[in-house]
Amino acid sequence: MRQMYSLILSVPVLPLLFLCEILMTHQLLLIKDVSVVLPHKILFTGFNAHIYKGNKIALIGRNGSGKTTLLDILQDRQEPSEGKIYTSDGTTFGYVPQIIE
């Protein structure tokens, strides 16, 4: 693993997507500098997270802080104002909405 890391650093031009694919080998999800800015409110800026296989996570925050918005972004139901989401092949999201129709 260490040799691969030093090889990545020695390559002068490495496409970001390829770099993320290499780094994602042990990650299910990489959230990089995600921001959501609405016309009347900034929900969050510069959010970063690495989620690995077997991790258990919780989203905790005040009402209106962007928890559901982040889940919508992860499911491609909404686009972030800035940033990128990278997922490993085969990663799926399960989600129960607040209001079931």
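## Terms and model

Helices (H or I, at least four residues) and strands (E, at least two) are DSSP runs, numbered from the N terminus. The model is predicted, so local features need pLDDT of at least 70 and side-chain atom pairs count only at pLDDT 80 or more, while totals for chains, interfaces and linings use all residues. Residues are numbered from 1 along each chain as its sequence is written, and side-chain values use heavy atoms, with hydrogens and water left out.

A pocket is an open set of points on a 1 Å grid over the protein atoms alone, where a 1.4 Å probe fits, with protein on both sides within 12 Å along at least five of seven lines; lining residues have an atom within 4 Å of a point. A volume is the space filled by probe spheres set on the points.

## The largest pocket

The volume of the largest pocket is about 570 Å³. Its lining has 27 residues, and Ile 57, Leu 59, Leu 70, Leu 71 and Leu 74 lie nearest the centre.

Strand 1 (27-38), strand 2 (41-52) and helix 3 (67-74) each give at least two residues to this lining. Helix 3 provides the largest share, six residues. By class, 15 lining residues are nonpolar (Ala, Val, Leu, Ile, Met, Phe, Trp, Tyr, Cys and Pro), two are charged (Asp, Glu, Lys and Arg) and ten are polar (the others, Gly among them).

## The second largest pocket

The second largest pocket has a volume of about 250 Å³. Of its 14 lining residues, Ile 73, Asp 76, Lys 84, Ile 85 and Tyr 86 lie nearest the centre.

Helix 3 and strand 3 (82-87) each supply at least two residues of this lining, and the largest share, five residues, comes from strand 3. Seven of the lining residues are nonpolar, four polar and three charged.
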